[in-house]
Amino acid sequence: MPKLNQVADVKYTIKQEQKTFAWILLLLPVAIISAGPLDQWQMYFQRGKTINSGTISVLMSLAGMLAISLYNRYVSKKPLSNKGQTRLIVVSTVMMAATLFGVVGLKNWYYGSLSLFMLHTMFGSLENMLGGIVLQTTIQTENRRATIMSVANALDAGAEVAILAINGFLSDRFGIGFAWVSLAALGLLIFLLAILGMQSKKLEVEEI
């Protein structure tokens, strides 16, 4: 068998796929916004000692389906440049954070807060779909496609584990609402700074 040099192989892949790995890192802050709500919505929307988790789960699934329908109906039928897809990702991420602020701000209005949480879920599904499409289209090394996507998923999972630990600590000390808002603000800030950093380094979205 030929000698395997994994270190050299990884270095080569990263060198060839700098823009792809830049996008992988760019999308990581989105997990800071979404990890807490996805993990704690049952506790947050608990009323007394009961929670209608079945109904809320169905509503979340419908919100995700609505995001897919909107994408198929209004986005996929139009030839979007990578720049256009990037703008949609930015809008979706901003709306994820904004709706989460509204969820916490309207905590005393149960149905209003729940409705905004469904919007948060819809924009999260849209962002996740667009992010996956952008990553798939930016990969240049076809024989490394599966490896690159596995690395992206592993980094996302690792980031989510760390974020959930921080989210749990903040929730125990200051409350779930505070944890969601603070992490959403942090994630959005890092995401927007990363976008500006990509542009300042001339990693233009048209080239990506």
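Two notes before we go on. This is a predicted model, in which local features need pLDDT of at least 70 and side-chain atom pairs count only at pLDDT 80 or more, while totals for chains, interfaces and linings use all residues. Residues are numbered from 1 along each chain as its sequence is written, and side-chain values use heavy atoms, without hydrogens and water.

**The core.** Select Trp23, Phe45, Ile56, Phe117 and Trp180: these have the most contacts inside the largest nonpolar core, which has 43 residues (a core is a set of buried Ala, Val, Leu, Ile, Met, Phe, Trp, Tyr and Cys residues joined through side-chain atoms within 4.5 Å; buried means under 20% relative accessible area, exposed over 50%, partly exposed in between, with a 1.4 Å probe and protein chains only). Now show helix H6 (110–138), which gives the most to this core, with ten residues.

**Tryptophan 180.** Zoom in here: beyond neighbours within four places in sequence, its contacts (heavy atoms within 4.5 Å) include Trp41, Tyr44, Phe117 and Asn167.

**Helix H4.** Finish with leucine 62, in helix H4 (residues 53–75). Leucine 62 is partly exposed, with a relative accessible area of 45%.

Technical notes:
Helix = DSSP H or I, 4+ residues; strand = E, 2+ residues; numbered from the N terminus.
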